[in-house]
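Let's take a friendly walk through a protein model. Have a look at the fold first, and then we will visit a few places together.

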Amino acid sequence: MVSDDTAAVTEPLPGPARQPGGERRVTLRRDLRAAGPDFGVSLLVTAAVFAFLYARIRSGASDTVKIMPFMEDADTFWMYWLSQAFGWSALLWAYGTVVIGLLLAGPRPRRFARSHAAMERLHRTTSLSTIVLMFAHALMFAAELIRYETKLSWPTRFGKALVDTFVPGGYSSGTGEVAIPIGQAALYAAIPLGLLFYWRHRIGARAWRALHRCVIVVYVLSVWHTLLYGTNVWYDGWPRTVLWLLQLPLAALFLYRLARPLRRGERPGGPTGARQLARWAVLLAAVATLIALCVVLCTGRDGGRARASAPGAQDHARGLPVVGAPVEPAERLHV
């Protein structure tokens, strides 16, 4: 889930975008340079996540090994673990940029103008970093598929890996038939929605604001993809519950911004019309989401797979390969 300069969502855009204080126009090239430190930090976090996953594989504590026991050789499948690390970093950065965007989208005191400009820049750089991390997650998964398909010729390996990774419906194995297209949708929506900020003057402020608000859908798709196919949160238990728990403050902040937007005309209770009805529908959906999150956390029913007494029974029942059974290569990797 990525988003960009939310201040532009809440203020008119009659001319070239300038930061408070008369700074130069915001461009993609300048933001790419400014994103260097942020992306460097994201790489350090990715390396830490990779080391953590690698250590759990070596110790045998990882749930991934229970799902796919052939992956107990951490050295052989290092590209898969790097893909997982990029995926978790991308989700963390998406979470952060959405939170910053929601904080920027509401009323703000004038005395915080300078810190607001700094948050805007951080919002843009984290958005760009998120896009790169999401793409790296997919690219490393494709690289692992290329390495793994040893029975195929190199051209066929490349073609099959690219189709499995980047073409919706190309990956046909169990839960992946649904989970991978969801992840692809998040990636393909994130790129234009994130970069359109830099062409907002050409498409118009109103159109850009409408498209920008779809960014939250990208984040929801990313979380959904993780819950469906993340082997680290595959089973029910505290890792999956924590992932659900982290969505609670974000949902509450989103609901608060819907109920108290910056523009008075966008507040619920205005003149009846199609836009007002749409706002009420989104507001009610946010309330329902918040209630659902509370129910999940209170009941502990987070949708995780139960740990079967017979190895692989739950996976097989869901159309996935039985753990320990010989399967085709395309059926053995989970995003």
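Predicted model: local features only at pLDDT ≥ 70, side-chain atom pairs only at ≥ 80, totals over all residues.

Asp164, Thr165 and Phe166 of helix 6 touch Ile180, Gln184, Leu187 and Tyr188 of helix 7.

How do the two helices lie relative to each other? Their axes come within 8 Å and cross at roughly 80°. Angles from 65 to 115 degrees count as roughly perpendicular, and helix 6 and helix 7 are therefore roughly perpendicular to each other.

Next, turn to the second largest pocket, which holds about 710 Å³ of space. It is lined by 26 residues, and those closest to its centre are Trp88, Asn232, Val233, Trp238 and Pro239. Which helix gives the most to the lining of this pocket? Helix 11 does, with seven residues.

| Helix | Residues |
|---|---|
| Helix 2 | 28-59 |
| Helix 4 | 78-104 |
| Helix 11 | 238-259 |

The lining of the second largest pocket divides into 16 nonpolar, five polar and five charged residues.

Our last stop is tryptophan 199, in the loop between helix 7 and helix 8. Is tryptophan 199 buried, partly exposed or exposed? Its relative accessibility is 36%, so tryptophan 199 counts as partly exposed, since that class lies between 20% and 50%. Along the chain, tryptophan 199 and threonine 27 are 172 residues apart, yet 9.2 Å separates their C-alpha atoms.

How values were computed: Residues numbered from 1 in each chain as written. Heavy atoms only, no water. Axes fitted to C-alpha atoms, helices over the stretch in contact; angles between N-to-C directions. Helix = DSSP H or I, 4+ residues; strand = E, 2+ residues; numbered from the N terminus. Parallel < 35°, antiparallel > 145°, perpendicular 65-115°, else oblique. Contact = heavy atoms within 4.5 Å. 1 Å grid on protein atoms, 1.4 Å probe; cavity = no way out; pocket = protein on both sides within 12 Å on 5 of 7 lines; lining within 4 Å. Points joined across faces, edges and corners; volume = space filled by probe spheres on them. Nonpolar A, V, L, I, M, F, W, Y, C, P; charged D, E, K, R; others polar. Buried < 20%, exposed > 50% of the residue type's maximum accessible area, 1.4 Å probe, protein only.
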